[in-house]
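Me: I would like to go through this model step by step. Could we look at it together?
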Amino acid sequence: MADRGATSAAAHDPDDWPARPELSLALNRMGCFDWDLDSGLMHMDSSALGVLGVPPEEYDGQPTSLARFLPASESARLDAQVSQALKNGSGGYSTYVRVRHGDSPASWIHVQGSIQRDSGGRPHRILGVFRDATQELADAAGRADLDEERIRQTSVVERVTVILAHARTVSDVIDVLEDARALGHLGLVSVMLGLVEGTRIHVVAEGQIGSNVPEFEYTGVDEQFPMSEVVRTLNPRFIVSREEFADCYPVLWPHIEPLDVSCAAYLPLIAQGRPIGALGLLYSDKEGFTPEDRNLIITLGTSIAQSLQRAMLFEQEHDLAEGLQQAMLPRRIPVIPGARVAVRYRSARLGRDIGGDWYDVVPLPGGRVGVAVGDVQGHDTHAAAVMGQLRIVLRAYAAEGHNPATVMARASVFLDELDTDRFATCAYAEVDPATGAMHLVRAGHMDPLLRQTDGTCRRLPVAGGLPLGLSAEFHRLEYPVTTVELAPGETLLMYTDGLVEQPGDDLDDGIQLLSRIVRDGPRELQPLADKLCAMAEARGGEDDIALLLLRRQGGDVPQSSGRLQQHIAQGDPEALASARHMLRAALRAWGAGDRVDDIELVTNELMTNVLLHTDGGAIVTVRMLSGAERRLRVDVEDISSALPRRRDPGEAGVSGRGLLLVDRLTDVWGVEPRGGGKVVWCEFVTLPDGSVRP
């Protein structure tokens, strides 16, 4: 009978009886984890992942990847409690943590871990469980009231954590702590923040009721104060009664007693293993601290420490980058006869670092000046470093006498060959204050503005090419030159996009606003530059700003001693057209009278001869000679030693008439050998406008 009974019972047993431990855990909403502290890896079984609501394919074995499934405050509190248990020699830890599952109501889990230590007491492994405790807490009426208050306080800490996440500077962190709305719901009567400065603690924030004690603004780390103690020991200090406060800190207590403080908590603010400050929380109408209170306060301190460290790093990096950029900008602006210049640079305070905005003013031969404004892609120290190199090479190419198109093309090749993935936009103008001739090129940059003598301001259309670096990469190095005449009293404004761009706003609106400010702004350049920067700051711009103003002064350059010089490269027809325009503007400015057409025709013939009959370029120099008689001299220099000779073109000839033309239209001309080349020169007697030649 016994055998038949056993056989009958076995026939009804489940196939998987007795159940495996993981099945029992899963059915009871529990799971296991094994955390190897040496490697940092945490193994979690499928049941544990299910309790946390973590899809198995989204877990990579790193504990940090679990943070996104927990509210920020809960994650910080759990980290703080585990760290505390590891440091104080505990054998384990146990706590309740709130988790989130998408849009579902919040649930709670119970986390319990057993810390394994080696023979020296060093922790190397944690074995533990995650258990769904939502129903347990819901059914415990006595605990429900406590949880409600704890959840309320937790939500306050969460809000403060979110606010601190947007704090970029130490001042931002201080503002949060001194705002009664941020921490007032925790029942605090005052919040104090001290920063470690060498061997001293500097109290920088004392919030809510003005509990300022000037004589304790600076205290030594080795003194008998609660902030000093937590900085020395790196452990929090919870003071549970007025009597304890008075007994332990008799020097500070007389200043704290009038605040009606019933208890206090002081926390070390630790970043990367070292104390950077201390936090003091003073309470009224509170009797001691429960374990949950202590966990919540430690969580708050951890969040503040992280925000404070970020703010300090931000300020250090920003100051370093700003110093680097300032060192790479011109130290002084040269005095340019015939022109006035104002420049400004403003770094953004909202970005992590600064960018590669720059300006430059380059004196050129013949009294001319090159002005540039540009912006290297990116907002970091690398952008500032690239900016410095690019500004130097652009200045060098301009000083060598290259025309604006060549300056821009060579700068683009340089940036492309530099070991960087950055590109840059730039606007460059070569201005002759004596004549007003202005040649502009643009590489992906915005058009400049022109303020006319009557105050009106308009956009100055400039033909453009690709940004520097990109044009070389795509073999499109053509930069067309736009030539205009800058009249006496007119002002050229060049700027980077930070002056007009605003997130969410149309760029044209920013340019129109800029035009109005320039039109209605101060007449003097320096106050106008300041007003433009103030406009950008008022709009809350998030980018760096570089701007340059250049105004031609009509009477600053003696017209009788005018001189200009232009280099024309072989195979550069744009430079030839630019030289003709420059010459005509100079002749009008110097008062060449009825000889303008003759001089322009002869100079063009001499320049063309060089480009056609030699293997190099030409250097054209035009100047007014001093003396009783107004005479203008044109020198055209080349590298060929072959002297020009007149030929008879014949009746049907299309060439050979150049020197005949020179001989007929000039008053005197000649050729001078110059080492490996020569100069063909000619002179014209000129009369003031309106005069008639005898």
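Me: At what angle do the axes of helices H13 and H14 cross?
Reply: In this predicted model, the axes of helix H13 (residues 381–399) and helix H14 (residues 404–417) cross at roughly 145° and come within 9 Å. Axes are lines fitted to C-alpha atoms, for helices over the stretch in contact, and angles run from 0 to 180 degrees between N-to-C directions. Helices (H or I, at least four residues) and strands (E, at least two) are DSSP runs, numbered from the N terminus.

Me: Which residues meet there?
Reply: From H13, Val386, Gln389, Leu390, Val393, Leu394, Tyr397 and Ala398 meet Val407, Arg410, Ala411, Phe414 and Leu415 of H14; contact means heavy atoms within 4.5 Å. The residues of this contact divide into 10 nonpolar, 1 polar and 1 charged. Here Ala, Val, Leu, Ile, Met, Phe, Trp, Tyr, Cys and Pro count as nonpolar, Asp, Glu, Lys and Arg as charged, and the others, Gly among them, as polar.

Me: New topic: what is the volume of the largest pocket?
Reply: The largest pocket has a volume of about 650 Å³. On a 1 Å grid over the protein atoms alone, a pocket is an open set of points with protein on both sides within 12 Å along at least five of seven lines, whereas a cavity is a set where a 1.4 Å probe fits but cannot get out; lining residues have an atom within 4 Å of a point. Grid points are joined across faces, edges and corners, and a volume is the space filled by probe spheres set on the points.

Me: Which lining residues are closest to the centre of that pocket?
Reply: Of its 26 lining residues, the closest are Ala80, Ile270, Ile298, Gly301 and Thr302. By class, the lining has 11 nonpolar, 12 polar and 3 charged residues.

Me: And which residues line the largest cavity?
Reply: Ala579, Met582, Leu583, Thr603, Met607, Val620 and Val622 line the largest cavity, which has a volume of about 30 Å³. H18 gives the most to this lining, with 3 residues.

Me: Which conventions apply to the model?
Reply: Residues are numbered from 1 along each chain as its sequence is written, and side-chain values use heavy atoms, with hydrogens and water left out. Local features need pLDDT of at least 70 and side-chain atom pairs count only at pLDDT 80 or more, while totals for chains, interfaces and linings use all residues.
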